[in-house]
Amino acid sequence: MTVVGDTVDVLSPEVYLDGPPWERLAWLRANAPVYDHRLDDPLLVDRCWVVSRHDDVRAVSRDPATFSSADGIHLRRTATHHFRPNMINMDDPDHSRVRKLVSGGFTPRVVRAFERHYADLARGVVDKALANGGAFDGVRDVAAELPLLAICEVLGAPEADRFRIFGWSNTLLSSEDPEYAPTPEAFQESVMAMVAYAGELAERRRREPGDDLVSALLGPDGDLPLTDAEFEGLVLLLLAAGNETTRNAIAHGLHAFAAHPDQWDVLRSDPAATLDTAVEEMIRWASPVNYMSRTATSDVDVQGQKIRAGDKVALLYASANRDEAAFAAPERFDVRRDPNHHLAFGFGPHFCLGATLARIELRALLEAMVPGIASLELTAPVRRVRSSFLNGLKDLPLRAIPA
Ligand code: HEM
């Protein structure tokens, strides 16, 4: 195992250029499950506790009174909530108040109403991707498209706006990568562009209400049940949260199917029995969000480590999802894995609001791909996002072999 200087580095962005440092994470789980991590990156805080075991990630997540989200869930020094309040960065009572207002737009019933439409969208995405003799880019042509179309649908945004949304959310979530955030100002510029866009959306829906979340939030007289700043923060969060996350669950999943053709065969041989478990395994395997962080509100002991009030704590979901204590053979990509209590959507009061939506998107995509594709082949090496926050692929050159 490589130790960089005095630190078992699992948080510097460049460590992730070849994928998550699985060996180091396994070492931390076994030897230092709550690890005092130093950082030397101008964008990021200089110290935080790394929590790497499944049990401990759950315990910290379900105790928001001691481990607060209000000072941000990213280890960046400057984050979105410095510009606009958004629920992922709130504690109660604000968190419950805003989440309740929005969750009506995300109940399984509401999201299922989109299901048939998503199946059409997914088929369209797959047909277009395969039009070129089976060669396609798994990220640009497939994985990025469906989540963008889906979030436009939820928010009532025109489909053509997805290209702008793509650019902004890349900059926001992958701000440690110079390709997405070439200047120090790029992060703030994207935040402000999204804030302006939220205002445009509200205005448009006041003029022509539709069957979407923004219209549902606006009262009959066009009033919002939250402050303008909270509404802008909410739209910003929704535009960003459902994009690269779902994109990378799809991209890593397709990558895994290319690397494990036997698992594609299992899926094709009995889709009815395996689609749901395959979707869950793709999400566990991808762990698109590598970590979310918290700030301790009081001195607290976790696994014998003395965490002080004000200390940052990073919850390493990717590591928790490979924890040998929680999963049988966690290094195996197994589309029949059941049970699969992964933590890729987080745990506790901030559990991902878009989980049902993301699952439906992945399922729709697999259903569109399975009948016509005998196997997937990787035709060139992938490029990864330079980030320790987001486990991201920039491209995924694939060839689909027709059935
Ligand atoms: C596979 C795809 C996805 C993954 C891996 C993912 C991951 C996560 C995680 C780990 C959290 C927990 C944050 C915390 O505890 O601090 C979260 C929260 C959230 N996610 Fe997702 N997400 C995905 C898709 C989506 C989609 C499609 C949407 C919506 C369009 C969405 C909207 C949200 C929102 C609004 C929150 C904040 C909830 C709160 O603070 O109460 N996510 N997500």
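By class, 19 nonpolar, seven polar and one charged residues form the shell around the ligand. Here Ala, Val, Leu, Ile, Met, Phe, Trp, Tyr, Cys and Pro count as nonpolar, Asp, Glu, Lys and Arg as charged, and the others, Gly among them, as polar. The model is predicted: local features need pLDDT of at least 70, side-chain atom pairs count only at pLDDT 80 or more, and totals for chains, interfaces and linings use all residues. Residues are numbered from 1 along each chain as its sequence is written.

Me: Which residues come nearest to the ligand?
Reply: Of the 27 residues around the ligand, the nearest are Gly242, Thr245, Gly346, Cys352 and Gly354. A residue is near a molecule if its C-beta atom, placed from the backbone, lies within 6 Å of it.

Me: Why is Cys352 called partly exposed?
Reply: Cys352 has 18 other C-beta atoms within 10 Å. A residue is buried if 20 or more other C-beta atoms lie within 10 Å of its own, exposed if 12 or fewer, and partly exposed in between, with C-beta atoms placed from the backbone. The count for Cys352 therefore makes this residue partly exposed.

Me: Where does Cys352 lie?
Reply: Cys352 belongs to the loop between helix H15 (317–320) and helix H16 (355–369). Helices (H or I, at least four residues) and strands (E, at least two) are DSSP runs, numbered from the N terminus.

Me: With which residues is Cys352 in contact, leaving aside its neighbours within four places in sequence?
Reply: Those residues are Phe345 and Gly346. Two residues are in contact if their C-beta atoms, placed from the backbone, lie within 7 Å.

Me: What makes strand E2 largely enclosed by the rest of the structure?
Reply: Strand E2 (residues 47–51) has five residues, of which four are buried, so the strand is largely enclosed by the rest of the structure.

Me: How many bridges join E2 to strand E1, and how many join E2 to strand E8?
Reply: Strand E1 (residues 34–38) is joined to E2 by five bridges, and the two run antiparallel. Strand E8 (residues 312–316) is joined to E2 by three bridges, and these strands run parallel. Two strands pair if DSSP finds at least two bridges between them, so E2 pairs with E1 and with E8. Arg38 stands opposite Arg47 in E2, and Val50 stands opposite Ala314 in E8.
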